[in-house]
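Please consult the sequence and the coordinates alongside the text.

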2 protein chains.
Amino acid sequence: MNLKKFSQLMIPEIEDGIKSTIRVDIPDSFPGLIEMMNYHFGWLENGKSQKSQGKQIRPIILLLCNSICGGDWYKALPAAIAIELIHNFSLIHDDIEDQSELRRGRETLWKIYGIPQAINTGDAMFSLAQINMLKVGNEFNKQIGFDALHILNETCLILTGGQNLDISFEKETKFSLERYLLMVGGKTAALLSASAEIGAITALTTESNRNVLRNYGHALGLAFQAWDDWLGIWGEEEQTGKSTSSDLISGKKSLPIIFALDKGGDFSRIYLSAGANQENFQELHFLLENCGAKEFTENIAKQYTDIALKSLEEIQVSDQNAFDSLLELTDLLIKRKN
Amino acid sequence: MNLKKFSQLMIPEIEDGIKSTIRVDIPDSFPGLIEMMNYHFGWLENGKSQKSQGKQIRPIILLLCNSICGGDWYKALPAAIAIELIHNFSLIHDDIEDQSELRRGRETLWKIYGIPQAINTGDAMFSLAQINMLKVGNEFNKQIGFDALHILNETCLILTGGQNLDISFEKETKFSLERYLLMVGGKTAALLSASAEIGAITALTTESNRNVLRNYGHALGLAFQAWDDWLGIWGEEEQTGKSTSSDLISGKKSLPIIFALDKGGDFSRIYLSAGANQENFQELHFLLENCGAKEFTENIAKQYTDIALKSLEEIQVSDQNAFDSLLELTDLLIKRKN
């Protein structure tokens, strides 16, 4: 068993589970909600392509961590489904908040159905996630269900806290690395951390394994985001599928930019007075690299990658194949090209 | 003890509980979230008026039902706080969805902080509600906590289903009473029903009492909404504080209008072709009453009031004062003047 084989087993189960909860847990009397959820996941006739269905990284991490700790991942599926629903609820609301018109190659939910219906469907998906996490209590015992729900909802508070900072960032001119890490910690790392930890607790594993996996997930999230921010400036356009200038032009407060603004100097002066545009892009791009932002971002990515990998060394492994597959997935996420 | 005395005891406890969960359960590192929640509840300096703080009908119903069934309402406070947070989360999102600029005499959250931050704060409040309902499991036992969380999240699905219908209604020209009841059942009755039922289960009462109170809450919600719709057309302006033409002019699909449209005839013809405006308002108002919509709405309100009161007759009462106070509150809600 390697990552590919695990994924081939897990992904259809996760997808079937989500399709089933949409069909069974939402009353038939609300077909509008059911249609919108299916549209979002790319399961309506007009959106039935592989590309439109997400990579399911979080539920796969949850199920692999569960296996590593000696669990039967099939029994942890309701938790994996809940995590994927939470992720997608946050995507639906983020797309409205960021005015993003495209997601997974298709028009976003709000673009098709309008903002009011999209906010509301996100809320429904949030409830559906909770209902699936409640099933964890039935599958194992009530205490495990409670722990999982606690983690889930505390994670959502941190997620919204991170999003609150991200939205505020757009209007601010002073930034610190500390605030950046808090924001990314909320927006990216919290849910990865929760996925790994819930994988552990649904395996009824040791407190130590649980802590190790929580820390692993958190560090993985920070490394992943630092690397994503690096790609947003220096990634090859043909590999990422988006203009590498995009994070610079769009005004996104990514890690290299936070670093350069914090440092002051020419980049900061031009960026804060004129912003980035097609005319000064080459100059800003040069100044950004020249002030050490590229190296700094690489170092941060490496530092958190090391923490993530170091955490994994401390784990007591019950399933070596699952462990190797998690390492493989970690590698893909951190060294990914798109 | 009458309703006034119960309220004087309960309201400060509910308010303190909400203030405390905002302060304690949201990490200090996200002051933006904390500020926005306090603004919504009218607890910032610029919004500290009694009027801005809601009536807390749902948590009071929950606590009274708890007492009626022999519970110690103080122990059920986390559930009451969760219900009030869910109600307010839905108000925050509804105000965005309906583009409402005022709530409780102050500007709505999105009007002050923008739509993206308001969507996000609503999401955070949803999580906070779940965290408070989890405390019910600690206060009693995990099974009670699970039951309460199940009811809460199934209620939220019905709530969003009702809202989905309500938003769709605006663009439609065909309506049925059945669809109206489904919409109102979701938007108004579901949370009142959940409040009453969770009050019962946190008193560890009989299955019968639990069912009686769930049915009572549902019927109360439908009666309340029918009466509210009646007031929106025929209420005295000085009593409701809004123009009685407002529901007619605004195009709201309230019960009398659904009835008249379903019936066809002159009202339906004019309303569907020209809409209601200041010029044809008098004529439409006359036609509405003339086709029987006023009487029909009164009958629906009475019918559900009877069901609500009939349900209460079947209950095994442990605290007569709490029961009398619930009757008093029911009376206020159904015969209320504003």
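B:G265 is exposed, because 12 other C-beta atoms lie within 10 Å; a residue counts as exposed at 12 or fewer such atoms, as buried at 20 or more and as partly exposed in between, with C-beta atoms placed from the backbone. B:G265 belongs to helix α13 (residues 265-274) of chain B. Helices are DSSP runs of H or I with at least four residues, numbered from the N terminus. Between the C-alpha atoms of B:G265 and B:L287, which are 22 residues apart along the chain, the separation is 9.2 Å.

The model is predicted: local features need pLDDT of at least 70 and side-chain atom pairs count only at pLDDT 80 or more, while totals for chains, interfaces and linings use all residues. Residues are numbered from 1 along each chain as its sequence is written, and chains are lettered from A and ligands numbered from 1 in the order in which they are written.

In chain A, the assignment, which is automatic or from a database, gives domain 1 (1-157) and domain 2 (206-322). The C-alpha centres of these domains of chain A are 26 Å apart. Nine residues of domain 1 of chain A contact nine residues of domain 2 of chain A, a contact being two C-beta atoms, placed from the backbone, within 7 Å. On the domain 1 side, helix α3 (residues 57-68) of chain A supplies the largest share, five residues.

Methods
Helices (H or I, at least four residues) and strands (E, at least two) are DSSP runs, numbered from the N terminus.
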